[in-house]
Amino acid sequence: FPTVVHNMYLLIGAEQGMVGLWIFLGYVLVTSKLLTSVVFSKKTLTARALALGVLIGSYSLYINFFFQPYIETMMLAVVFHTLVLESSMYNI
């Protein structure tokens, strides 16, 4: 019988397998490292503040994923994480 998994990481592992889980965790680590480098770089204050805000917001979601499986919120976090990283790297 189907049961609900109350952990996003377990849900990704169950639905996409270990390869999908490692890809997701690798994405989180790489983008977090790049955003952290933007925060501590000599970019404009606006770019650094935006990167810091998205980094902290994403971390709060990633911590919350241990307790609730929010698929739609995760996709939103991934999109914002990527967009802010892209704009911060190229000063858009």
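A residue is defined as buried when its relative accessible area is under 20%, as exposed when the value is over 50%, and as partly exposed in between (1.4 Å probe, protein chains only). The model is predicted, with local features requiring pLDDT of at least 70 and side-chain atom pairs counted only at pLDDT 80 or more, while totals for chains, interfaces and linings use all residues. Residues are numbered from 1 along each chain as its sequence is written, and side-chain values use heavy atoms, without hydrogens or water.

The protein contains three helices and zero strands, assigned as DSSP runs numbered from the N terminus (helices, H or I, at least four residues; strands, E, at least two). The order of elements from the N terminus is α-α-α. Of its 92 residues, 33% are buried. Among contacts (heavy atoms within 4.5 Å) with a separation of 6 or more, 63% are between residues 24 or more positions apart.

Thr-31 is located in helix H1 (residues 8–39) and is buried, its relative accessible area being 5%. A polar atom of the Thr-31 side chain lies 2.7 Å from the backbone oxygen of Tyr-27. When residues up to four places away in sequence are not counted, Thr-31 touches His-81 and Leu-85.

Leu-76 belongs to helix H3 (residues 71–89) and is partly exposed, with a relative accessible area of 47%.

Methods:
A polar contact is a pair of N or O atoms within 3.5 Å; within protein, one must be able to donate a hydrogen and the other to accept it, and residues adjacent in sequence count only if both atoms are side-chain atoms.
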